[in-house]
Amino acid sequence: MAPFERLRHRKCANAFLKFQGDDRQAAPALAPQRKNGEKGVCSPAVERKQPHPMPEPFGKTAPLGELPSLHAEARRAFPAGLEQPEGSFRFSVDALLLAAFASSRTNDVTIRFIDFGTGCGVVGLAYLLLQRNKCRGFGMDCNPELIAAARNNTAKLGFSDRFALHTGELADTHFLEKLRVETPPIQLVMANPPWRLIGSGRLPATQARRRALFGDKGTFPLFASAASSLLETDGRFVCIISPDRLQDMLAGLDGAGLAPCLLQFIHKQKTSPATFVLIEARKGPYAKPSAAEPLALYGPEGFSTPESLAFCPFLR
């Protein structure tokens, strides 16, 4: 990378970090929990006790006609009850925040989207629920077992006609070409890429969890270039990563022709260091990025804040 390019990335990252004060260290990710010990089914580790009014249940209204009662029940319970294979990566609050961030930035409800590394389908399904069942999307993952679980979850929620699943690798050019043929036009790509660097911590016991959590210096450029190849001009790439990898992601976006336009830092509490950073980038010319108001998930008493519930109703 040329010196002036490094300087630009550094200035961009520093501007975002300055907006955050001194929050330069990533706090530990919130760990997922199973639902009442149910095998193969879990919900994210989010505080359920709420002193604030609950948002309207998802699935209460069906924009495309009468909703079968089983689908309506599954939508109201979401994300609880999602099937997840034993030994696989268990989704957490970051997946729900990613879907909420992408939805809050969507103007066209007929949008077509792709979820990279969809896992059990949680991000794509959350996005469909937030968009009130009015868009169509695709999910891809390299793990066939996770894709099978995603198909089951999609059917349970009544989205089989709106969320198609594909098994493949982002590094496989033939797979990407097949996606380009089958899924045009794409206005949105969502991704929760593995942002822990190999060698930076203890590796999980299973290969599935290792691939979901750990990557190398080439992981971010791979995700960014794959997104750019599928997006139409002015399409959006939205992702969530650890704040300490911001410089690396900015470099990957620039190399793929994606211009960062908005960042939002997420904190467990207002006074704690940032845990995640949400990034929106667009395919097209470089534009001056901006920073959204930071979001605190929990208040001093440990309850979800009204702001976090307004941002992501799934945190209820």
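Buried means under 20% relative accessible area, exposed means over 50%, and partly exposed lies in between, with a 1.4 Å probe and protein chains only. This is a predicted model, in which local features need a pLDDT of at least 70 and side-chain atom pairs count only at pLDDT 80 or more, while totals for chains, interfaces and linings use all residues. Residues are numbered from 1 along each chain as its sequence is written, and side-chain values use heavy atoms, with hydrogens and water left out.

**The whole chain**

Select the protein chain first: of its 316 residues, 53% are buried. The chain contains 10 helices and 14 strands, where helices (H or I, at least four residues) and strands (E, at least two) are DSSP runs numbered from the N terminus. With contact meaning heavy atoms within 4.5 Å, residues 24 or more positions apart account for 76% of the chain's contacts with a separation of 6 or more.

**Colour by confidence**

Next, colour by pLDDT, the predictor's confidence in each residue from 0 to 100. The chain averages 81, and 77% of the residues score at least 70. Confidence is lowest in strand 1 (residues 33-34), with a mean of 42, and highest in strand 14 (residues 295-296), at 97. Residues 2-11 have pLDDT below 50, and this stretch makes 10 contacts in the model beyond near neighbours in sequence. Residues 15-65 also stay under 50, and for them the model has 137 contacts beyond four places in sequence. Where pLDDT is low, the predicted coordinates should not be read in detail.

Move to helix 2 (residues 69-77), where Ala72, Ala74 and Arg75 are buried. Seen down the helix axis, these buried residues fall within an arc of 165° (taken over the directions from the axis to the C-beta atoms), so they line one face of helix 2. They pack against helix 4 (122-130) and helix 5, whereas the face turned away from the buried side carries the exposed residues Ser69, Leu70 and Glu73. Then select Pro79, in the loop between helix 2 and strand 3 (82-83); the peptide bond from Phe78 to Pro79 is cis, with omega near 10°.

**The nonpolar core**

A nonpolar core is a set of buried Ala, Val, Leu, Ile, Met, Phe, Trp, Tyr and Cys residues joined through side-chain atoms within 4.5 Å. The largest one has 82 residues, and those with the most contacts inside it are Phe78, Leu97 and Phe116. Its largest share, 9 residues, comes from helix 3 (residues 93-104). Centre the view on Phe116: not counting residues up to four places away in sequence, it touches residues including Met140, Leu170, Val189, Phe223, Ala227 and Leu230.

Thr154, in helix 5 (residues 144-157), counts as buried at 2% relative accessibility. Leaving aside neighbours within four places in sequence, Thr154 is in contact with Leu125, Phe159, Ser160, Phe163 and Leu165. In strand 10 (residues 231-241), select Asp234, which has a positive phi of about 75° although it is not a glycine.

The structure holds 0 disulfides, a disulfide being a pair of cysteine sulfur atoms within 2.5 Å.
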